[in-house]
Amino acid sequence: MKKKNINITINFDDVFDRVFAESARRALAASGVYVLTEDNAPLLVKYIEDGLADVRTRMDGYVTLCSFNPNVDERNIVLQLALKHAATPSLDNVMADTLTQLLANYVLLRFYGESDTCYGIAWRKYRAQLLLVLARDQAAIAQ
């Protein structure tokens with residue numbers, strides 16, 4: 001069934017899993033690298049909030065609801081988008097996975113610094129993927 005509204009939900013645990021795995025991989029590859037753990041969660045939540053604010057601003061014309069709640073166990077982020085055309089049933093899952101990866105890369109970029117460009121490039125790649133969905137929505141209207 002096709003739909004116009006999509007709901008993207010993100011759990012912090014999903015973002016943290018990706019951040020911690022990449023941090024551990026990075027530490028194995030280079031000595032002296034600080035490994036991120038659950039102890040860093042309060043700082044990382046702030047980075048997640050900053051990354052969400054950035055992407056939300058870019059998607060603002062489509063956002064009908066944006067909820068950021070670090071005090072719940074799941075569905076910490078709920079983002080509802082209103083598209084101009086009908087979306088495939090799996091689009092919300094695809095966008096949720098892309099947003100999760102985007103936020104993980106944003107956290108890594110902020111923690112490890114601007115000079116480490118691999119996370120900045122990955123963050124911009126996933127941000128572009130999200131925005132391409134919206135551009136395709138506009139292109140469907142123009143036709």
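Reader: Let's start with A122: which helix does A122 lie in?

Author: A122 lies in helix α4. Helices here are DSSP runs (H or I, at least four residues), strands are E runs of at least two, and both are numbered from the N terminus. Keep in mind that this is a predicted model: local features need pLDDT of at least 70, side-chain atom pairs count only at pLDDT 80 or more, and totals for chains, interfaces and linings use all residues. Residues are numbered from 1 along each chain as its sequence is written, and side-chain values use heavy atoms, leaving out hydrogens and water.

Reader: Is A122 buried or exposed?

Author: Buried means under 20% relative accessible area, exposed over 50%, partly exposed in between (1.4 Å probe, protein chains only). A122 has 15% relative accessibility, so A122 counts as buried.

Reader: And why is α3 called largely enclosed?

Author: Because 16 of its 22 residues are buried, α3 is largely enclosed by the rest of the structure. Just after α3, G113 has a positive phi of about 105°.

Reader: Which residues touch the most other members of the largest nonpolar core?

Author: A nonpolar core is a set of buried Ala, Val, Leu, Ile, Met, Phe, Trp, Tyr and Cys residues joined through side-chain atoms within 4.5 Å. In this one, with 41 residues, they are V19, M59, L81, M95 and L99. α3 gives the most to this core: twelve residues.

Reader: What does M95 touch?

Author: Contact means heavy atoms within 4.5 Å. Leaving out residues up to four places away in sequence, M95 touches I6, I8, M59, L81, L130 and V133.
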